[in-house]
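Please look over the notes below with the model open.

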Amino acid sequence: MSKIVIVGAGYAGMAAAAHLDKAGTPFTIVNNHDYHYLTTLLHEAAGGRGPGENYQVPIKEVLRQDSSQLVLDEITGIDREKKVVIGKAGQYEFDYLIYGMGWISEYFGIKGLKENSLSITNLDTAVQIREHIENEFKAYTTDGDKRHLRIALGGAGLTGIELMGELLEYLPELCKSLNIPFSEVDLQCIEAMPTILPMVAAHLRPYVIETLTQKGGKLRTNTKIMEVTPGVVHLDGGETVEAGTIVWTGGVRANPLLTDAGFNVDRRGRGKVNSFLQSADDDHIFIVGDSAWAEDENGKPFPPTAQMAEQMGALAAHNLISLLSGQPLKSFKPRNWGTLCSLGSDVGVGDAFGVPIKGVTAALAKEGSKAKYLWELGGMRLAGNRTKQMMRI
Ligand SMILES: Cc1cc2nc3c(=O)[nH]c(=O)nc-3n(C[C@H](O)[C@H](O)[C@H](O)COP(=O)(O)OP(=O)(O)OC[C@H]3O[C@@H](n4cnc5c(N)ncnc54)[C@H](O)[C@@H]3O)c2cc1C
């Protein structure tokens, strides 16, 4: 029997695993946690909307067949010649591999940025951001140094704006609990480009700026971060922002394991795949999610989003089963359900199936998308068990 290994239990890896599990096809999934976390909701965990546990789904709650095996390990390499995935705790031989190890932060070579900022890359780092801010605000009550109340967010894409929206809802509550006037807080989002949220329709952006500004945030565009030293963001033109909390949300690149293993990668470290999602270097390896360099029929790379990752994972599993049974493979032709950006829990912006939406409608659509995802992953049982803890309706 062919040995099938999936690495990474993100949106792509879990979709592949759920598909194989349902089909009763034996496989092993290796991940660094025994739970799948919802990356698209990490800003909620960082912004204090709910405890970290709210954004986890135990992997075994999704994979229920005896034929599915979960192994906890930190993957450190892939030996393509020997067909082995190497982890800290063991080695995993494969005949077929589905690689879905996601992304890491991209620092674009900005000096000191990686060393001197927090990032929202996984559930642990998201919770760390919330705890760091709480500790800074508590420190202010002891020494009165206003730098503790300054938060600098680098990047005004989806992650930076969603995080800002959450913080503007949470910080007034935190201030109240510590007896700090919220007017003393300085929350700024610093963006090098002239606009925010490039993935959202241009006519919706003024609504975002107005909403976040009214709540007390500052959005600074055309402002380039040149260097970060401990507690200080250095901007183009010589201005410095001294902040107790500095969070970088400005870019992502693929997990470097593919580059390290000698795969053919693009400038963001994503592994080249054919239309069936098989690696250009080895058709026994499927690369899915943010790690995949997959292109549409016009040669345009698919964006690194959860909805792409989910659809890639499911298709890779489908194609793998087809390969094993001698059936023809299907090309990746994803559906785009739209992009939604929350601005706190009560309003948002974005589009649903291409129709622009904003305000409460967008917030409700975003909440609904959580239930939709859980239902797709684990049916009514999972949606019923987990939706309540993740939704705020
Ligand atoms: C705050 C935020 C909001 C977002 N909002 C949206 C949104 O609204 N819509 C949207 O479509 N996309 C959104 N995205 C992007 C989306 O989350 C990613 O595109 C998606 O997570 C990619 O899925 P993936 O399966 O490729 O990787 P991931 O979800 O990152 O999963 C990778 C998995 O691999 C595991 N792993 C990593 N390294 C190792 C290792 N060395 N050993 C073992 N396991 C490892 C991780 O623990 C994780 O389980 C958002 C991202 C962020 C950060």
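**Notes on the interface of domain 1 and domain 3**

1. Start with the charged pairs. This is a predicted model, and in it 2 salt bridges link domain 1 and domain 3. The side chains of Arg 49 and Glu 367 form a salt bridge, at 3.4 Å from N to O.

2. Which elements supply the side of domain 1 that touches domain 3? At least two residues each come from α1 (11-23), α2 (42-46), β4 (56-58), α3 (59-62) and α8 (306-324). The largest share comes from α1, with 4 residues.

3. Now the extent of the interface. In contact are 24 residues of domain 1 and 19 residues of domain 3. Together the two domains bury about 1800 Å². Carbon and sulfur atoms account for 48% of that area. On the domain 1 side, the most area is lost to domain 3 by Arg 49, Asn 54 and Glu 61. These three together make up 31% of what that side buries. Arg 49 is also the salt-bridge partner of Glu 367.

4. Last, the overall layout. Domain 1 is built from two segments, 4-105 and 252-336. Domain 2 covers 118-248, and domain 3 covers 338-393. The C-alpha centres of domain 1 and domain 3 are 23 Å apart.

Conventions. Residues are numbered from 1 along each chain as its sequence is written. This is a predicted model: local features need pLDDT of at least 70, side-chain atom pairs count only at pLDDT 80 or more; totals for chains, interfaces and linings use all residues. Side-chain values use heavy atoms; hydrogens and water are left out. Domain bounds come from an automatic or database domain assignment. Contact means heavy atoms within 4.5 Å. Buried area is the accessible area (1.4 Å probe) that two parts lose on being put together, summed over both. A salt bridge is a side-chain nitrogen of Lys or Arg within 4 Å of a carboxyl oxygen of Asp or Glu.
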